[in-house]
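Work through the exercises below with the model open beside you. Try each task before reading its solution.

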Amino acid sequence: MSILIDSSTRLIVQGITGREGTFHAKRMKEYGTNVVAGVTPGRGGQRVEGIPVYDTAEEAVKYHQADAAVLFVPPQRTLDAILEQIAAGVKLVITIAEGVPVKDMRTIYHLNRAMPDLTVVGPNSFGVISPGKAKAGFMDDRIYCQGSVGLMSRSATNSYETVNEMTKQNIGQSTCIGVGGDVIPGTSFVKLLPLFEADAQTKAIVMIGEIGGVDEEMAAAYIKQHISKPVVAYIAGRNAPQGKVMGHAGAIVGADGTGSAQSKIDILTDAGVLIAESPVQAVELLKKVL
């Protein structure tokens, strides 16, 4: 199986006529993803890499029954693009841009809570890939291989390092998701965990977190009560100073120590999660539980 995307996914690329949209639309199509349409206002009627372009998401959904979208649009236009996809009936929207205004993502956060069948991945996400089936994003698909480990990560770089080591050790992945590193992500570990739990292909889960926010703490509470599969976690930022943003906008330890790596590690350990000190050690722990 896998979660979120597979070979049956019908994908829209919004912003397909831009440099990044064109480049990655081609790469996604070459990987085997069913890229059915692109959307760029004012460019309707064109074709990019053989993919028809429409002025609106509504047209792309109407003519191609699209059910997922990946957005290569600037951060200031991301809110409008997400809302357009939702209005067209798309249930999975993947946002790539970094630095989407917090007030815009607050709107999406509340929409996500009000619409249980909607999943907005990102912003500041590398996308989603179900190896051997489909990818929607900009990840280098050469480091992935099909298998039984689900991965969700706030950090693209740490996820790549982990996946690359997994593949070298012949441990494949079911689905890998870039949750995103901005202050307010569209989705969360807690929303993804039940999907991995229900997925027959997924036998173990890797969660890559970092300092800042409470997503990992909320995930720990859910894992303790509802997850039967082994979970391995790596939390980046153990030595980060308080009050200083580290890399991602959401990666900041509060002045009172809230959001620190150690507090997250302690809570996850109490929930029975296996804690890795590095991406390489995460793979060693996976080898023990699979």
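**Exercise 1.** Which side chains meet in a salt bridge at 3.7 Å, N to O?

*Solution.* The model is a predicted one. The salt bridge at 3.7 Å joins the side chains of R154 and E210. Finally, check burial: R154 and E210 are both buried.

**Exercise 2.** Find the parts of the structure that the salt bridge between R154 and E216 ties together.

*Solution.* The side chains of R154 and E216 come to 2.8 Å, N to O. R154 is in the loop between β10 and α5 while E216 belongs to helix α7, so this pair links parts 62 residues apart in sequence. E216 is buried, as is R154.

**Exercise 3.** Decide whether E165 and K168 are buried or exposed.

*Solution.* Buried means under 20% relative accessible area, and exposed means over 50%. E165 has 15%, so E165 is buried. K168 has 56%, so K168 is exposed. The two side chains form a salt bridge of 3.5 Å, N to O.

**Exercise 4.** Classify the packing of helices α6 and α7 by their angle.

*Solution.* The axes of α6 (residues 189-198) and α7 (residues 215-226) make an angle of about 30° and lie 9 Å apart. Angles under 35 degrees count as roughly parallel, and α6 and α7 are therefore roughly parallel to each other. Their crossing is right-handed. The contact of α6 with α7 has 8 nonpolar, 1 polar and 3 charged residues.

Conventions
Residues numbered from 1 in each chain as written. Predicted model: local features only at pLDDT ≥ 70, side-chain atom pairs only at ≥ 80, totals over all residues. Heavy atoms only, no water. Axes fitted to C-alpha atoms, helices over the stretch in contact; angles between N-to-C directions. Helix = DSSP H or I, 4+ residues; strand = E, 2+ residues; numbered from the N terminus. Parallel < 35°, antiparallel > 145°, perpendicular 65-115°, else oblique. Left-handed = near helix turned anticlockwise from the far one by under 90°. Nonpolar A, V, L, I, M, F, W, Y, C, P; charged D, E, K, R; others polar. Salt bridge = Lys/Arg side-chain N within 4 Å of Asp/Glu carboxyl O. Buried < 20%, exposed > 50% of the residue type's maximum accessible area, 1.4 Å probe, protein only.
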